[in-house]
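Student: I would like a close look at one part of this model, the aromatic side chains. Please take them together in one connected answer.

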Amino acid sequence: VTHSIPACIGGMTVNSKQLDSESPVSIFAVNKCYETVQDGTFFDGSGFAALVREGYKVRSDVNITLEFRTTAVHGVLLGVSSAKVDAIGLEIVNGKVLFHVNNGAGRITATYEPRGTNSLCDGKWHKLQASKSKHHISLIIDGNVVKTDNPYTQSTSADTNNPIYVGGYPADVKQNCLTSKSSFHGCLRNLMLTKGQQAELFDFSRAFDLRGVFPHSCPGAEH
C-alpha cells in the first residue's frame, strides 16, 4: 500500500499510554476530522493537485466533467498547458466559470455567468462539463449550455504535454489558459477526462504532488 488511509483515527494507545494527537512531533497531510463528511476532495485554498506526471495530451478533443462546491468567487479548477501557447484552462473568476482553449492560434473562452452574483459560490454542489472538439468549445453548468464561436477554425489541436494541475498550480509553472492565480478553496469530486471512448476517472490520492489537498473527505458544511 503506497497511499494513506482516507479516515479519521482517534484515541490511540500504545502500551496503555494514550498518544497525544494534539501536539505531534511531526505532521504531514493530516487534516482535522469533521463530524459530517461528504465524498470528495477538500482543497484548503493554499495549493493544488498534480496529476499525470508524464504530461497529458489534449490534442483535438477532450471532455472534462467534475462537480465542485465552494463559497469563494475566485479559484483555479483545472489547467493543462505546454511550453508553447497551446493549453486549456477552467477557472472561477468573479463568480463566473471560464473555459479557455488555445489550439495555437489564439485563446478562446466560453463564459458561464450565473444570474445571481453568488449562485455558483453558494457552498452547494454544481455539475460542470467542458468540451473541446477540434475548434469548437462548450461549457455546461448545471445543465445550462454556453457555446463560443472560434475565429481560428484552421487550428484544431491543443498540443499540451504538461501535467494536469487541479485547484491551482506551482508558482514556477506557466499556465497559458488561466488568468487567475488563486488556489481553489472548497471541494471537488468525480473528475473525469474523456477522449473518444476512453474515459479516465482521477483519484486525487494518486496525485504525484498534493499541497493543501485532502483526498476522500469533504467537510459536510463550510467552517
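Student: Which residues form one aromatic cluster?

Tutor: Phe43, Phe184 and Phe204 form that cluster. A word on the basis: this is a predicted model, in which local features need pLDDT of at least 70, side-chain atom pairs count only at pLDDT 80 or more, and totals for chains, interfaces and linings use all residues. Residues are numbered from 1 along each chain as its sequence is written, and side-chain values use heavy atoms, with hydrogens and water left out.

The structure holds four aromatic pairs; rings of Phe, Tyr and Trp (its six-membered ring) pair if their centres lie within 6.5 Å, and planes under 30 degrees apart count as stacked, over 60 as edge-to-face and the rest as tilted. One of them is stacked, because the ring centres of Phe42 and Phe214 are 6.4 Å apart and the planes stand at 25°. Phe42 belongs to strand β4 (residues 41-51) and Phe214 to strand β16 (residues 209-214), so this pair ties together parts 172 residues apart in sequence. Strands here are DSSP runs (E, at least two residues), numbered from the N terminus. Phe42 and Phe214 are buried, that is, under 20% relative accessible area (1.4 Å probe, protein chains only).

Phe48 and Tyr165 make an edge-to-face pair, because their centres are 5.8 Å apart and their planes are at 75°. Phe48 lies in strand β4 and Tyr165 in strand β13 (residues 164-166), so parts 117 residues apart in sequence are tied together. Both Phe48 and Tyr165 are buried.

A ring also meets a charge: the charged end of Arg189 sits over the ring of Trp125, 3.8 Å from its centre (the cut-offs are CZ of Arg within 6 Å of the ring centre and within 35 degrees of the ring normal).

Conventions:
Helices (H or I, at least four residues) and strands (E, at least two) are DSSP runs, numbered from the N terminus. Buried means under 20% relative accessible area, exposed over 50%, partly exposed in between (1.4 Å probe, protein chains only).
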